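Morning, everyone. Let me put the structure up, and then we will walk through it.

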Amino acid sequence: MNHMNLRELILCALFVALVAVGAFIRIPVGTDVYTLQFLFTLLAGLMLGARLGAIAIGTYVLMGLVGIPVFASGGGPSYVLQPTFGYLVGFIVQGYLTGMLARRGTPTFQRVLGACLAGMAVVYLLGISYFYFASNYLINAPIGFWLAIWYCGVLQIIPDLLLCFAASVVGLRCKRAGLWLN
């Protein structure tokens, strides 16, 4: 069994807090509002690695599900009925995948950006799929499949690509500063 040392525990707690704060940092762009939550989940995977990145993000999700209002729209167990819940599950998988892929070989900018893009693809796959399912079958707010892809994917991709790029730059700078966990 792998136990966490004090440094790992503190860094996981820091990323739990950053992801929670990131959900409330709202950046209005046109009629949409974007948060920095995705940036911090990417950085959690990069800096903490696969296992600890997923643990930190999973802890954040668990905190929200037990009722701590850390999600953008509150918290509580009923949040699983929200169409956006799939993104939260996607963040956990993304944290693991990003951390794993960034550590395969020497972390170059291309490798780290590729890891972030792969993580983004997982978040989109799980998030859009759950959004479609929840909208149509859980909350009775029907939406077409292609419309869900348009609103949840196509319209979001440019800002999320920019966040992948930013996470890659910041993540590599942190790596050079010796801040990545092994």
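First, the ground rules. This is a predicted model, so local features need pLDDT of at least 70 and side-chain atom pairs count only at pLDDT 80 or more, while totals for chains, interfaces and linings use all residues. Residues are numbered from 1 along each chain as its sequence is written, and side-chain values use heavy atoms, with hydrogens and water left out.

Now the core. A nonpolar core here is a set of buried Ala, Val, Leu, Ile, Met, Phe, Trp, Tyr and Cys residues joined through side-chain atoms within 4.5 Å. Buried means under 20% relative accessible area, exposed means over 50%, and partly exposed lies in between, with a 1.4 Å probe and protein chains only. The largest such core has 48 residues. Phe38, Leu46, Leu48, Tyr60 and Leu88 have the most contacts inside it. Helices H1 (6-22), H2 (37-48), H3 (50-65), H4, H5 (109-138), H6 (145-154) and H7 (157-176) each give two or more residues to this core. H2 gives the largest share, nine residues. Helices and strands are DSSP runs, H or I of at least four residues and E of at least two, numbered from the N terminus.

Take Tyr60. Contact means heavy atoms within 4.5 Å. Leaving aside neighbours within four places in sequence, Tyr60 is in contact with Val16, Val19, Ala20, Ala23, Gln37, Val70, Phe71 and Leu88.

Follow that list to Val70. Val70 sits in the loop between H3 and H4. Val70 counts as buried because its relative accessibility is 9%. Beyond four places in sequence, Val70 touches Ala20, Ala23, Phe24, Tyr60, Met63 and Gly64. Val70 and Ala20 are 50 residues apart along the chain, yet their C-alpha atoms are separated by 5.3 Å.

The Gln94 side chain makes a polar contact with the side chain of Thr41, at 2.8 Å. A polar contact is a pair of N or O atoms within 3.5 Å; within protein, one must be able to donate a hydrogen and the other to accept it, and residues adjacent in sequence count only if both atoms are side-chain atoms.

On to the rings. Rings of Phe, Tyr and Trp (its six-membered ring) pair if their centres lie within 6.5 Å; planes under 30 degrees apart are stacked, over 60 edge-to-face, and the rest tilted. That gives nine aromatic pairs. One of them, Tyr132 with Phe145, is edge-to-face, 5.7 Å centre to centre with 85° between the planes. This pair links H5 to H6, 13 residues apart. Phe85, Tyr130, Phe133 and Tyr137 form one aromatic cluster.

Now the pocket. On a 1 Å grid over the protein atoms alone, a pocket is an open set of points where a 1.4 Å probe fits, with protein on both sides within 12 Å along at least five of seven lines; lining residues have an atom within 4 Å of a point. The largest pocket is lined by 26 residues, with Val33, Thr35, Thr84, Tyr87 and Gln156 nearest its centre. Strand E2 supplies the largest share of that lining, four residues.

Last, Asn140, in the loop between H5 and H6. Its phi is near 55°, a positive value in a residue other than glycine. Asn140 counts as exposed because its relative accessibility is 64%.
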